[in-house]
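This report describes a metal site and its surroundings, then the packing of the chain.

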Amino acid sequence: MFRINTDLHTHTVASGHAYCTVNEMARGAFNKGIKLLAITDHGPNMPGGPNVYHFGNFSIVPDKLYGVRIVKGVEANILKDGRLDLTDEELGYLEFVSAGIHRLTEHKLNNKSDYTEATIKAMENPHLDMITHPVQREYPIDLERVAIAAGKNNVILELNASSYNPNKFKTRGIKSESLKLLKLAKKYGFKLAVNSDAHFYDIIGEYSTLNFIFESPDFDSELIINSKAENIINYLDQRQKRLNKLKKTV
Ligand SMILES: [Zn+2]
Ligand SMILES: [Zn+2]
């Protein structure tokens, strides 16, 4: 069976609608054999979400808890024209930046064309690493155009396990669209990440709702960037070097 020992998308109490602390999440990850856990609380436009101080102070959390590498990240909100709800300076405090479109965040996006354009524009931000749940019923996008932009800007697109959780109030995923991402990743040369979007510790690393992806004839484990912790450690190292270089040139 294909094993993934990282999780790049999880939330803590700081998000306002998740239920564990960083410490509880780290211990939960350890108990599940997860070696690297990104904490990606929502950006400040989410009602009840953390303010900018949360992100500016994040570096005080140790890099390792219970032997698990804790990556300090964010799931920012994509707003009109592809703006994010943290400035580039604030994003610069973080090790991993993901972003997605969310309800109740005053995004002022109204239709498929808006969602698509904003997502593509957000991907041009040099800090951005990953688009979360690019496939969601409520915010349909032109997947092919987003895929082209992902290839061009080296942005990861997510396969979000929580989108197919049958216990959730409503399922937001569309299986045929998520499956399409496998073909598009090969065609346009971007990576995918398999993440839980856990809002509670025992959901960390739970990917079985994505079995339809793993069992697809188009599935190729090489497409999944976060299957091994070493790959992500290497990725984080490269991204930091790239951003440092960029800082020097401006
Ligand atoms: Zn999200
Ligand atoms: Zn999330």
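## The bridged zinc pair

Glu75 bridges the zinc ion (ligand 1) and the zinc ion (ligand 2), and the two ions lie 3.3 Å apart. The model is a predicted one, in which local features need pLDDT of at least 70, side-chain atom pairs count only at pLDDT 80 or more, and totals for chains, interfaces and linings use all residues. Residues are numbered from 1 along each chain as its sequence is written, chains are lettered from A and ligands numbered from 1 in the order in which they are written, and side-chain values use heavy atoms, with hydrogens and water left out.

Donors are N, O and S atoms within 2.8 Å of the metal (3.2 Å for Na, K and Ca); water is not among the atoms, so sites may look incomplete. Glu75 in strand β4 (residues 68–77) and His133 in the loop between β6 (130–131) and α5 (143–153) are 58 residues apart, and the pair links distant parts of the chain. Helices (H or I, at least four residues) and strands (E, at least two) are DSSP runs, numbered from the N terminus.

His9 (NE2), His11 (NE2), Glu75 (OE) and Asp197 (OD) coordinate the zinc ion (ligand 2) at 2.0 to 2.3 Å. Their spacing in sequence is H-x1-H-x63-E-x121-D. Angles among the four donor atoms run from 79 to 166 degrees, and the site is irregular. Four donors count as tetrahedral if all angles lie between 85 and 135 degrees; four count as square planar and six as octahedral if opposite donors are over 155 degrees apart and all others between 65 and 115; anything else is irregular.

His11 counts as buried because its relative accessible area is 0%, and Glu75 is likewise buried at 0% relative accessibility. Buried means under 20% relative accessible area, exposed over 50%, and partly exposed in between (1.4 Å probe, protein chains only).

## Two residues with positive phi

His133 has a phi near 30 degrees, a positive value in a residue other than glycine. Glu106 lies in the loop between β5 (96–100) and α4 and is exposed, at 64% relative accessibility. Most residues other than glycine have a negative phi.

In α5 the buried residues are Leu143, Val146, Ala147, Ala149 and Ala150. Seen down the axis of α5, they fall within an arc of 165 degrees, so they line one face of the helix; the arc is that of the directions from the helix axis to the C-beta atoms. Their cover includes α4, β7 (156–160) and α6 (175–188). Thr116, in helix α4 (residues 112–123), is in contact (heavy atoms within 4.5 Å) with Ile141, Asp142, Arg145 and Val146, leaving aside neighbours within four places in sequence.
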